[in-house]
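Please study the structure shown below with the following explanation at hand.

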There are 2 protein chains.
Amino acid sequence: MPYKTIKGGVCAPKGFLASSVSAGIKNPDSDRLDLTLLYSEDPCVSSGTFTTNRVKAAPVRVSQAHLRNNEIRGIIANSGNANACTGVCGVEDAREMAKMVAMKLGVRRREIGVCSTGVIGLPLPMERIRPHAETLVSTLKPRNGAEVARAIMTSDTRPKEIAITTEIDGRPIRIGACVKGAGMICPSMATMLCFVTTDADITRGCLDKCLSEAVERSFNCITIDGDMSTNDTVLALANARAGGPRITRGTKSCRLFLDALSFVLLKLAKEIVRDGERVTKFVTVEVKNARTFNDARKVAEAVAKSQLVKASWNGNDPNWGRVIHAVGYSRAPIREELIDIYYNNLPACIGGLVAQGTKLDDLRAIAAKKEFKIVIDLNLGKSDHTIFSSDLSPEYIDFNRNEYAYWNQARKEGII
Amino acid sequence: MPYKTIKGGVCAPKGFLASSVSAGIKNPDSDRLDLTLLYSEDPCVSSGTFTTNRVKAAPVRVSQAHLRNNEIRGIIANSGNANACTGVCGVEDAREMAKMVAMKLGVRRREIGVCSTGVIGLPLPMERIRPHAETLVSTLKPRNGAEVARAIMTSDTRPKEIAITTEIDGRPIRIGACVKGAGMICPSMATMLCFVTTDADITRGCLDKCLSEAVERSFNCITIDGDMSTNDTVLALANARAGGPRITRGTKSCRLFLDALSFVLLKLAKEIVRDGERVTKFVTVEVKNARTFNDARKVAEAVAKSQLVKASWNGNDPNWGRVIHAVGYSRAPIREELIDIYYNNLPACIGGLVAQGTKLDDLRAIAAKKEFKIVIDLNLGKSDHTIFSSDLSPEYIDFNRNEYAYWNQARKEGII
């Protein structure tokens, strides 16, 4: 591991505080954390990347607006309700969430980002959220990072966080991050949220560039069920507490920061896959020697997203026929007679034909592992791309068959 | 029903003969039909549409070549082995299949089309196929249509065939067709094959146009698991036995023939969905008032293919949140605040918000039906598109987890 990991998650970088409460949004009768505030003592440079789904949740719109001409230094987030498909009222609710803590913190509303994750289409229960503004602000502490990771969980089975330290320009800086995902669990229950904090002194331009590139290298290289949530958000805050010199675009320091940030996000991205809903396998799909990067990506995505390929992984089945079939419909130019397919280092298909000399039992043993790699060599060019994927289990479908219970509960509580 | 259905399947039109045998390709110990010959007593005008998968099975390549500068008047087809990913030997085997019956029939090899469906990557067991050439030809009969439908089945639970008669230019013509599908069952076990026969007198140009347009309106409007096989083939033979006048492009007769052909193919396309692997629901996804036809198609496909939407159907869950979320990631331009979603005629979402006044139990009752319709009104333009889809069940995944047994069997038999 090229970086030193440290404790503290999003509160590991200097000057970041957090607090979390159980507001009963997930379930009025449970004491699971579901409302959290992350805040920097100092003003920040900030950046964000958001879902490209054209149906955007209210908090996504509000956070985008807040970031447009401002720097945010804090984030309020809830789980249990996505505040999506909630119209004008939803936007008002998201604004109010930011405003209620901004007032107590003595900052402007636009300095607070807002995130929500949970059920789509239900109004946010503001009457359960409002009473906690005071507590959220008064209990802010530099040791509460782990609770942020916990408060944003929905069907995740475990909190996912990391913090590292590295030297840039001879000065130690820290990057902390937490994430929730669980496999686009289901778009109406889940979402990918990621909060990144750092005490590095960095310009907005450089942070923007590093964040979008690191997201490209990490969260955009994973797939669980191929769906894209209405709420996906990555927010990064940099408060410069580690001291200068300032990191600017196009410098060696910028490259070092990008690498460190990419390491952090890729680590969490892989954790999302491993903690995917009812996932039993972590499979790396590596496409080699495509004509262009875009071709490599198309092939990797077609294979990594194919229901039938994923079903075969679930069954420990080294089914290269399904893999090559997905390569074929990826719309990337390929030549069937040049394609080699490996499970780890063992050839399953050479030149588009079954690999003579490979024992089926040996392939089977690899496909039965909890983690393995499928290498697809197109032998056409020089472009590579890798995607991290999971299997598709009968249990996943079963788990996602019915959210009716949630709606029924909402009706009972008089929300709809 | 606008057309009169008649008996006889692909042998209902005059002058078509068929024969089928059990060659032990599916399983040497079973007597299931798995090799069939369809043949017209007279020369035909012929047309075909094929998979767009870039990995093409040998029989697809051979049939395409035969159709290029020739007219085919017969089809030999086997199930149990797809003859895909079998390289040069596969092409030789496919040619030999055509040749062995062509010789006995006294026609050229290029007058016979070839189709295979089954496992990918295994060589075709020609030693089991060759001995049946004589029987296939000597047992050709005009009453054997139903056996063709049966001989091409893989994981289909029932044969799927239809024949109709209609009048064109005051003369009765007949169209017969059979199909196999079962849900792209799994690309390495399945495929969509469809054989169409007619005794209409039609030009090649008109048949080409009618077939491609009818396929567009039928097989291109269904989805079960979103995968596209290496072997998909539709072949149409027209032998003119019903007599002239000849149907040519751009005429009213051509339109009448197109409508009749579309009726036949849509009927079979829907049957494929209903007989999809472990399918419990038949769901019509109707997109209305998109800006362009392409937008309507994108939205319909995104919804009809979404794993999570399909899982909700399996669970009788009227989960419009997942539907609108798939609309959002379809990449078609939409305006969230204009979207209405209905289950049958009942509004679930109006203007992007939960439909007030609709009882959840009423929506639930619709989603619990075996067949229902989801209407997505984008309220943006005037273009519509409809796709016929199925649910996704835990049993489907379970069914498709493991083909290892087939490979193991092949190894035991010394094929690989």
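**A helix and its surroundings**

In this predicted model, helix α8(B) is largely enclosed by the rest of the structure, because 11 of its 13 residues are buried. The buried residues are D295(B), A296(B), R297(B), K298(B), V299(B), A300(B), E301(B), A302(B), V303(B), A304(B) and K305(B). What do these buried residues pack against? Their partners in chain B are the strands β10 (222-223), β12 (282-290), β16 (371-377) and β17 (383-390), together with the helices α9 (307-314) and α10 (320-329).

The length of helix α8 (residues 293-305) of chain B can also be checked. At 1.5 Å a residue, its 13 residues should span 18 Å, and this agrees with its end C-alpha atoms, which are 18 Å apart.

Strands of a sheet pair through backbone hydrogen bonds, either parallel or antiparallel. In chain A, strands β12 (residues 282-290) and β17 (residues 383-390) run antiparallel and are joined by seven bridges. Within this sheet, V283(A) has S389(A) in β17(A) as its bridge partner.

Finally, consider the nonpolar residues. In soluble globular proteins, nonpolar side chains tend to be buried together. The largest nonpolar core in this model has 270 residues, and A177(A) and A177(B) have the most contacts inside it. Beyond its neighbours within four places in sequence, A177(B) is in contact with several residues, including V10(B), I162(B), F195(B), V264(B) and L268(B).

Technical notes:
Residues numbered from 1 in each chain as written. Chains lettered and ligands numbered in written order. Predicted model: local features only at pLDDT ≥ 70, side-chain atom pairs only at ≥ 80, totals over all residues. Pairing = 2+ DSSP bridges. Helix = DSSP H or I, 4+ residues; strand = E, 2+ residues; numbered from the N terminus. Core = buried A, V, L, I, M, F, W, Y, C linked by C-beta atoms within 7 Å. Buried ≥ 20, exposed ≤ 12 C-beta atoms within 10 Å, placed from the backbone. Contact = placed C-beta atoms within 7 Å. Expected span 1.5 Å × (residues − 1).
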